[in-house]
Amino acid sequence: MNDTLLMLPGPVNVAPNVLAAMSKGIVNHRGAEFGKIYNETCDAMSRVFKTDNQSYIFTSSGTGGMEAAIANIANPKEKILSVVGGKFGERFADIARVHGINVEELAVEWGTAVTPEAIEAALEADENIKAVSLIHNETSTGVAAPIKEIGKVMKNYDALFVVDTVSSLGGDEVDVDKFGIDVCVTGSQKCLAAPPGLSMITLSDDAWKAVEGVNPQTYYFNMKKYRDSGNKNPAQTPYTPSVSLIYGLQEALNDIEKEGLDNRVARHHLNAEASRNASKALGFELFAEEEHASCTVTALKIPEGLTDDDIRGTMLNKYGVQLAGGQDHLKGNVFRIGHMGVTNYKELAITFTALGMTLKEKGVDVDAGAGVAALADTYIN
Ligand code: PLP
């Protein structure tokens, strides 16, 4: 058993009961027993998405869900507006291009959030935009986009609102129906605290109308097939699903219901605030503008004179705490602390204790306990 503490923005530590649930025997994926489990798990997903619409499960990582979200709602040559402010925004745009869709990029400086006004201006300027794709929580930069406010703007336009909540659903506030999200996609291995390997999607009535007019350039991720198989009795997926992972996801979703989704979101916000305070107390600078800082991952600049290996290497090899590095041009300049899923003050206390010691032994003039003191202040006040 690997006892490294995963403080990654996914995959995250998974609770023992979730791991145990996956050791149950495999059942026929076309039989009644699995149909019941699949239906219950999809229903539980709809409750976490906060939608009255049906949810579907793909045996794929989050990127598969992203591909399904795009490929089913636009034909080649149709236009989508793609907000790009980090690696995953780029991925959404790239996926659309692979499917022959005409992409208009709305570029946002990495570390900042897109504004509702910018989206409104783009939609005003071009009535041919069929959909807007947006990453709610840009995991590469630690920025959360104001999806609630953007949703208000989107309601004035016909364009579909396609949102990736891969690293936010179950950790930050996402209300698919209230925010007017037409296609929402997420992954199992982040805030939901299940193992990697599943992605989940839900579509509004408007999105389904678009699906009817699209000939998707994908075989595996054809939404109509998931809908038709899901409507069978017993409910099914079109192709063999990962039965064991679905057992695990169902257990993880049960845990979310026991905690209460709103309590869980509040816990993530408090842990994020504690992490930012502890980071600043140790002298780190946040990469993301604080007003839009993510509540599931904190991105920090690597201080001058230190390397990524000084920090992440020491944290892993000496203290057994795994942090994430920067991506693309942020490699070597930024590192990231994931605090999503079941992560709480215990894990953050270990992480910031080790981070303080790491800085001290690398010669930084810092009070090694300042991070933990700031954590305590945040939790106790
Ligand atoms: N979208 C976001 C916001 C992510 O953080 C990630 C993964 O880190 C993905 C999509 C892609 O998910 P996966 O790596 O599971 O394919």
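## Ligand site

In this predicted model, a polar side-chain atom of Gln-189 lies 2.8 Å from an oxygen atom of the ligand. Lys-190 also places a polar side-chain atom 2.4 Å from an oxygen atom of the ligand. On the nitrogen side, an N or O atom in the side chain of Asp-164 is 2.7 Å from a nitrogen atom of the ligand. The protein covers 87% of the 390 Å² of accessible area that the ligand has on its own.

The ligand is surrounded by 14 residues, and the closest are Ser-61, Thr-63, Thr-139, Asp-164 and Lys-190. By type, the shell divides into 4 nonpolar, 7 polar and 3 charged residues. Helices α3 (62-71) and α4 (87-98) each supply at least two residues of this shell. The largest share, 3 residues, comes from α3.

## Ser-167

Which loop holds Ser-167? Ser-167 is found between β8 (160-164) and α7 (176-179). Ser-167 counts as buried because its relative accessibility is 2%, under the 20% limit.

Leaving aside neighbours within four places in sequence, Ser-167 is in contact with Asn-137, Thr-139, Lys-190, Cys-191, Thr-296 and Met-340. Two of these contacts, Thr-139 and Lys-190, are also listed among the residues closest to the ligand. Gly-62 is 105 residues from Ser-167 in sequence, and their C-alpha atoms are 9.4 Å apart in space.

Nonpolar side chains tend to be buried together in soluble globular proteins. Here the largest nonpolar core has 87 residues, and those with the most contacts inside it are Val-114, Ile-181, Leu-192 and Ile-201. A second, separate core of 25 residues includes Phe-284, Ile-311, Phe-352 and Leu-375.

Not counting residues up to four places away in sequence, Leu-192 touches a list of residues that includes Met-45, Val-48, Leu-169, Met-200, Leu-249 and Ile-256. Gly-170, Thr-186, Gly-187 and Arg-264 are also among the residues that Leu-192 touches.

Leu-81 sits in strand β3 (residues 79-84). Is Leu-81 buried or exposed? Leu-81 counts as buried because its relative accessibility is 0%. Beyond its neighbours within four places in sequence, Leu-81 is in contact with Glu-104, Leu-106, Ala-122, Ile-129, Ala-131, Val-132 and Ser-133. Ala-131 is 50 residues from Leu-81 along the chain, and the two C-alpha atoms are separated by 6.3 Å.

In helix α12 (residues 308-317), the buried residues are Asp-308, Asp-310, Ile-311, Gly-313, Thr-314 and Met-315. Ile-311 is also one of the residues of the second core. The cover over the buried residues of α12 includes β12 (321-322), β13 (324-325), β14 (334-338) and α13 (345-361).

## Backbone details

Gly-10 and Pro-11 are joined by a cis peptide bond, with omega about 0 degrees. Pro-11 is found in the loop between β1 (5-6) and α1 (16-21). A cis peptide bond also joins Asn-233 and Pro-234, again with omega about 0 degrees. Pro-234 lies in the loop between α9 (223-230) and α10 (243-259).

Ala-193 is not a glycine, yet its phi is positive, near 60 degrees. Ala-193 lies in the loop between β9 (183-187) and β10 (199-203), and is buried, with a relative accessible area of 3%. Asp-328, also not a glycine, has a positive phi of about 55 degrees. Asp-328 lies in the loop between β13 and β14. With a relative accessible area of 38%, Asp-328 is partly exposed.

Note on methods
Residues numbered from 1 in each chain as written. Predicted model: local features only at pLDDT ≥ 70, side-chain atom pairs only at ≥ 80, totals over all residues. Heavy atoms only, no water. Near = heavy atom within 4 Å. Polar contact = N/O pair within 3.5 Å; in protein donor to acceptor, adjacent residues only side chain to side chain. Areas by Shrake-Rupley, 256 points an atom, 1.4 Å probe, with all protein chains shown as cover. Helix = DSSP H or I, 4+ residues; strand = E, 2+ residues; numbered from the N terminus. Nonpolar A, V, L, I, M, F, W, Y, C, P; charged D, E, K, R; others polar. Core = buried A, V, L, I, M, F, W, Y, C linked by side-chain atoms within 4.5 Å. Buried < 20%, exposed > 50% of the residue type's maximum accessible area, 1.4 Å probe, protein only. Contact = heavy atoms within 4.5 Å.
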